[in-house]
Amino acid sequence: MLEQLPLYQQAILTLAAMVLFTSFALLAQSRVVSIIHIFAWQGLLVAVTTALVAYDSGKHDLYLSAIMTIALKALFIPWLLHRLVKRLGIDREEHGAEHPATVLMIGAGLVIFCYYVAQPIEQLSASVTRNTIAISMAVVLLGMLMLVSRSKAVAQVVGFMSLENGLFFAAVAATHGMPMAVELGVAFDVLVAAVIFGVFFFHIRDSIESLDVDQLNRLSEQDE
Amino acid sequence: MNDWLLALIELILFVALAPLFSAWVKRVKCWLQNRRAPALLQPYRDLRRLFAKQVLLSHNASPVFRATPYIIAGATLLAAAVVPFISVNLPTAAIADVIVLAGFFALARFFLALAGMDVGTAFGGMGSSREMTISALAEPAMLMAVFTLAMVAHSTNLSTVIDQLLAQGLVLRPSLLFALLSLVLVGIAETGRIPIDNPATHLELTMIHEAMILEYSGRHLALIEWAAQLKLLIYGVLIVNIFFPWGIATSGSPGALAIASGVVFVKLLVLGVLLAVGETVLAKMRLFRVPAFLVLALTLALIGLLSHIILEVG
Amino acid sequence: MTALYLTLLIPLLASILLGVFGNHRGAAAFNMLATLAGFATSVWLALIVLQQGPLGGEAGQFHIDSFNVYLIALTALVGATTSFFSTPYMAQEEANGRLGPGRLRLYHASYQGFLFTMQLALTTNNLGVLWVAMEGATLATVLLVSLYRTPESVEAAWKYFIVCGVGIALALFGTVLLYFAAAHVIPDAEHALLWSVLAEHSAQLQPVVMAIAFVFLLVGYGTKVGLVPMHTWLPDAHSEGPTPMSAVLSGLLLNVALYALVRVKILTDGALAAGGMHSPQLAGNLMMGFGLLSFTVAGLFLHRQRDIKRLFSYSSIEHMGLMTFAFGLGGPLATFGGLLHMTVHSLTKSAIFIAVGHASHIARTQSIEGIRGLIQTQPAVGWGLLIGTAAIAGFPPFGVFTSEFLLLSATMKSHPWLTVPLLTGLGVAFAGLFRHLHPMVYGERPEGQVAVSANMWPVVLHMVLVLWLGLAIPTFLADWFNQAAVLITGKGLL
Amino acid sequence: MSTSLLLSAVLLLPLLSGVAAFATDRQPSLMRWLVFPLLGLAGLTAVGLGGHVLLHNTIETFIYAPGLPWLHWHFRLDPLAGFFLVLIGIVTSAVSLFGPGYVREFEHGKQPLSVLGFFTGLFVTGMLMVVVAADAFSFMVAWELMSLSSYFLVVYQHQNPANRRAGFLYLLMAEVGALSILLSFGVLAGFGDGFSFEAMRAAPLNLTWASIAFALGVLGFGMKAGLVPLHVWLPEAHPVAPSHISALMSGVMLKVAVYGFIRLSFDLIGDVHWAWGVALLIIASITALFGVLYALMQHDLKRLLAYHSVENIGIIFMGLGLSMIFYGTGYPLLGTLGLVAALYHTLNHALFKSLLFLGAGAVLQRSHERDLERMGGLLKRMPWTGLFFLIGCISISALPPFNGFVSEWLTFQTALQVPNLESGVLRAVIPIAAATLALTGALAAACFVKVYGIAFLGKARTRRVRRSSEADRGMVLAQALLAVLCLLFGIFPTAAVNAMNHVTRTLTGETLSTATANGWLWLTPVSADTASYSAPLVFVGVLLALLAWALMYYVMRPTGRVQTERGDTWDCGFGPLSPRMQYTSTSFTMPIRRIFAPVWRIHEELERESQPGLPLEPKQIRYQVHAEDVTWKWFYAPIMQLLHATTRRVSRIQTGNLRHYLAYSFVTLLLLLWLIT
């Protein structure tokens, strides 16, 4: 049935698939630098999707958000992370999960689960949107999975950001973008968040001489 | 009005005969034990002498100690006043029913025990402790036995009870049998007779009643002794008049009264003999076997009560 | 509208100003001044609403109705009193050498910024902006948590940031879904996130989408409310940050998050009322479940605390659970109780944290073992802590008892068997609080423990208000609660 | 003067006295001149108002502004409320006489007087308000006010750990009890419409829900009244509170719990079921026996008295249980008899228990001793206190002609009407309860022989006790007041029963008209020839008998003067007697300890220092016995262990690892998503 769809929708679906793929790549990848690069690519994909939707739906404010996305997700944040990683001298480190294979299996399961959850939405709209919702939900959950599976702060930040990419993707693909005020606010929040992340890397490094969040366990309440 | 006069006379008679009864018991005992018995009037002589004697008080004695003999004697006297002795329709019986009777005994005991602890010897405390322990078991037993009667006769007023029993005629009631047994046991315990206590000994291992009154002398001792004898007689009268009420005067006519007094007299003589025999054949118990004895009494009373409720009612 | 704008602008400007000149000596005084002004305008706003009814109109970006107007005033009040407490407290901290002027600047700026986000979240009509404000609240407070830069505080801040960030992100996804559902019924896309508009068309919203959206929003905002098992950040953040921040977190942030949750619940209920594959009670039942869980678990946690601020933060979780349960239960009685509980809890809990702050200064530690003989050392603080805890434990004549009474009776009416866990939980939580409180306030004063310069007037003020609410609820407030109950459940009480 | 005005006065005066107490920090003498007088005034007003309501049998409802927007505070005056107003009022007045002298020792204590005065006022206000409250909300407010303020009084001297521990236990159990009371009101309100008592009366309940409400009521009010096994707070909290507060707590607060129970079961629920009565009777019998047996083992005077409160609460609830049984099986007259017995015993216990606690307080203040083993010979040092304490002992031991006897007599009479019942089971159960009551009474007598004999008679065992002197006038007057009342209520029961008839009439529509049918002289519960007791004549009889014996002595007195001589106590010829040779309270109860051994968990410790070389002749022997409450082991310890285990498991959630936390959110989200699809 794909062939009956208009071209741009096929394009969107393709982009969705690629975004999903990047999430998996993030899950699988363990070298810090390449993680950051993949994340940048994901941002770019989301931005392209936004532009495409803007072109198709004729909502010109979406161009603005596309630009913001590129600026933030594809350029600024990756650059920031890159710089931090260099300054922290961990750019050669391996920040992988303990059991990559298991994590990937779980990720696949998540995708199916999201499809199953989004199933009922079928009745009320073109199948494209439904699928995009499923995909973006999957991206969100994969981001969480990454947060859970990685023990290094940087990887966690990337996971968090890719989770937000999923949100943007949903907002764009499924609903042709949010109202402008919201878009701006969200963008601002993301910016500030990124900066604060940067600040925290140093605090954490100062307090525990590493960025391994598993060592942040002073506030445990288990019987010692 | 002459009812009240009669009641007064009965009371005086009661009080007057009390020493005689215990003298009779003692005499029978002496016979059984081949000893020479003191004269029947000996207790009266003793009392007279004690009244005349000088009172020697411990330095430590408090007002409670001095008041106690009068309170004991008074309470016992009241108890005697409400127990039908010769005639049933006793106006005083309505003042206080059988529960109050138990109350009077309790009052007397309470003060006796206090007096025992007042002078501050080990003996007194020992006596009081034992006395209160025994009574703690004896009193419920007595009340249970009495309740059985009360339920049989639908009343707790002694004269009404006796009236009812007379009216019912000779009915063989298991409940009353048990009640009688337990009341006898309680009576023995409460009046401090063998096998619970021995009024004739001053051996501290076994003393109960004597231990408490060890410090008394003179008129105080007289009052206490007299009250003890009176208590013994009251229990006797209770037993004979409630469980074998036949012969007691139901009317105030002089003839009936005369017969009644004769009958009661005979009944008491017999009871005295039985008591003496019992005290002769039984040996004094160890103190810590006494609870078993009293629990037996309690059980008997309870069985009596239940058997009445289960077998005899409805 | 001026009042409204002022209410928003004052903290915003103050935040910026303090961000710039915050290291001046007068910063604290200016902070107090700003909060006072904010409180004044919020009262003004309340008066206007009292006279003219709901503000903001049909499709305005702001919407003030009886549900949020008193929360606005409450937020401003607690903000003001807490700032009055924080002045001597922070001075003491500076004297103890735990903070420098730079940090104080950060502190004051964030404080005002936080207040701004709170007011924005309360006043806005746009669910998207509401989300932005909630995220903003996290950002504004996260640096306060790590203010002392101790390893513990940094750890706490990081956890706070990540857990809340993820949660709030999920909430955004829920909002997107909401927008997605709304886009199909509301022509004008710009209005499709306005709560007032959505509330009107809630019946036509897609039940399926709304259900999914609500799940995301529940997990998202629930994280901020501190519902178990998303509560994990809360005790850490409360215990490691400066005490004034703990006071406003417990007193304001949790309330506002719950407020957001209830707003979306209203929409979900409207959508699910039509029926379909979900029971119309879905949202309510979920909230009841989470509320009960949080309530019970937090009550058990109380028993094993070693840090006094952790102790009371768990008690906050417990009470938020109770409120969530109340709103989930629905029905005018329970809702009325829930609204009342929001008010009295934030008043009482902030008062308690103020007392706790002074107590930890007296004992120079936050560990419960270290705090002893408060009444002997400084009666005002000791009694304040004692009375506050008695109030929060639900003893009359304080207001908490009233709301719990209403809640229990409502539960007794609709789900009698649920009263058993409720009562057990109350008992357990009570024991947990007092077993720790007793040794702290009573007993002999330890060697060398001396009184500190404490400002207990905020505590007195709060407790008097709570007492007042417990004895008699003023008519206007009762009316507001009632209208809010109508808004939320469709039925009134009075 | 209008009743509404009086009511406001009754509620406001104690509050006022509490507020006035704040001035005492600067000016301690105000305690004497302002705070306690106000309290006493409140007490008198309460007596006046209550008496008026009780005798004129009025029923009035008042509505006060505070409360919920749709449920203002309802207050209602009816004979039941009046009865308890009188009860509270009497004891409060006595306490306000006693207080000024007693609190003098606190003037220089660690804790400010204002706290004591303030919470005392609040406490009394709470109790008075409970009695007049007529809707669940105000009732709970008053109830909790009572609990909370009394808790603050228990921990008043919080520098010693015992107070803190007791306070915690007390507050915790009070809270649990209050919650279950609230719940039982909730049941009633759920079926009726709304929380006003009128609505609850009207509530149509099926038996199941009624039983649930009743059970919750027993739990809640029993927790406060001290039914076994819910009594454990009582022997902890009462001894450590200041003595006049113990008097209020033991004498009045427990009665307020009884009031609540009566109000709930006889008034709000209305038609009682006989099965409840049986259950209650069994619990009550256990409570009474348990209480007295534990009292026997105590040697802390106030603790002992507290256990006796447990015992007497048991007796009161026996009466209530009997009354329920008879009402439930269709014998309203006998039911009323039981109810009257219970009410009467409530009043009596309030009187003599307060009297005893005040006495204990006087002793404590003068000799600084609570431990019986160290007292002795106090009667010579404190003659008046000794006399009144003796009266209290006689009354509580249920000896004629004092008041305790009358109520126990009435209870017995109720139990004796059992043959009327059809059900054989009931006929069999009740006599056993009666037996328990008899046993309890006898044991109580034994216990108070011990108390009075050890504390007031014999020789002083310590120097402080030997040095102690009579308490000051106010304290003695307070005891005198209560002692006289004990005697009066013992001698004129008919008047009291007449008054209580009003109560029963408003509650159940029945009166015990037969009881006083034969005039004020004769108390005849059922009929003249079933049972009769003429307390006045007995009293006269006692006097006459004493006269008779005096006469006897006069008749038989010897010729010539014989004056009493004083000498030493007989020492069996071994050197002088020392006070330490006297029987101690431990040795006094030794036989009883042997008989009922399984009841307690006895901890005996025996230290003997033997002289070097002479192992058989120890230099010193210390022997201590402590009877631990078995309910701790069987009832409370398991609960605590369960709680501890649960909290330990739960606290594992907070691992401290961020990824676990995120996993929680993650899993929760997935679960919910799965749940809704």
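Predicted model: local features only at pLDDT ≥ 70, side-chain atom pairs only at ≥ 80, totals over all residues.

Modeller: In chain D, strand 1 (residues 60–68) and strand 2 (residues 71–77) run antiparallel and are joined by seven bridges. The link between strand 1 and strand 2 of chain D is a hairpin of two residues. One bridge can be followed residue by residue: D:Gly67 has D:His72 in strand 2 of chain D as its partner.

Strand pairing also crosses from one chain to another. Strand 1 of chain B runs parallel to strand 3 (residues 565–567) of chain D, and three bridges join them. Within this pair, B:Leu56 is partnered by D:Glu565 in strand 3 of chain D.

Four pairs of chains are in contact, and the pair formed by chains B and D shares the most contacts. Chain B brings 70 residues to this contact and chain D brings 66 residues. On the side of chain B that touches chain D, at least two residues each come from helix 2 (42–52), strand 1 (56–58), helix 3 (63–82), helix 4 (98–118), helix 5 (122–153), helix 9 (218–243) and helix 11 (290–312) of chain B. Helix 5 of chain B supplies the largest share of that side, 17 residues. By class, the side of chain B that touches chain D consists of 44 nonpolar, 19 polar and seven charged residues.

Chain B itself gives this contact its background. Eleven helices and one strand make up its secondary structure, in the order α-α-β-α-α-α-α-α-α-α-α-α from the N terminus. For 314 residues the globule rule gives a radius of gyration of 20 Å, and chain B has a value close to this, 19 Å, so chain B is as compact as a globular protein of that length. Its C-alpha trace spans about 60 × 45 × 40 Å along the principal axes. Of the 314 residues of chain B, 61% count as buried. Among contacts in chain B between residues at least 6 apart in sequence, 80% join residues at least 24 apart.

What lies inside? The largest nonpolar core has 676 residues, and the residues with the most contacts inside it come from both chains: B:Ala141, B:Met144, B:Ala301, D:Met127, D:Leu128, D:Val131 and D:Tyr452. The element that gives the most to this core is helix 6 (residues 151–183) of chain C, with 23 residues. In soluble globular proteins, nonpolar side chains tend to be buried together. B:Ala141 shows how parts of the sequence come together, for, leaving aside residues up to four places away in sequence, B:Ala141 touches B:Ser182, B:Val186, B:Leu294, B:Ala297, B:Leu298 and B:Ala301.

Helix 19 (residues 473–491) of chain D has 19 residues, which at 1.5 Å a residue should span 27 Å; its end C-alpha atoms are 27 Å apart, so the two agree. Its buried residues include D:Met475, D:Leu481, D:Leu485 and D:Phe489. Among the elements that cover the buried residues of helix 19 are helix 3 (79–102), helix 13 (332–367) and helix 21 (535–556) of chain D.

The other chains complete the setting. Chain B does not touch chain A, their nearest C-alpha atoms being 54 Å apart, nor does chain B touch chain C, where the nearest C-alpha atoms are 41 Å apart. Chains A and C do have a contact, with 35 residues from chain A and 38 residues from chain C. Helix 7 of chain A gives the most to the side of chain A that touches chain C, with 13 residues. That side has 26 nonpolar, five polar and four charged residues. Chain A has seven helices and zero strands, and 51% of its 224 residues are buried.

Note on methods. Residues numbered from 1 in each chain as written. Chains lettered and ligands numbered in written order. Contact = placed C-beta atoms within 7 Å. Helix = DSSP H or I, 4+ residues; strand = E, 2+ residues; numbered from the N terminus. Rg over C-alpha atoms; globule rule 2.2 N^0.38 Å. Buried ≥ 20, exposed ≤ 12 C-beta atoms within 10 Å, placed from the backbone. Nonpolar A, V, L, I, M, F, W, Y, C, P; charged D, E, K, R; others polar. Core = buried A, V, L, I, M, F, W, Y, C linked by C-beta atoms within 7 Å. Expected span 1.5 Å × (residues − 1). Pairing = 2+ DSSP bridges.
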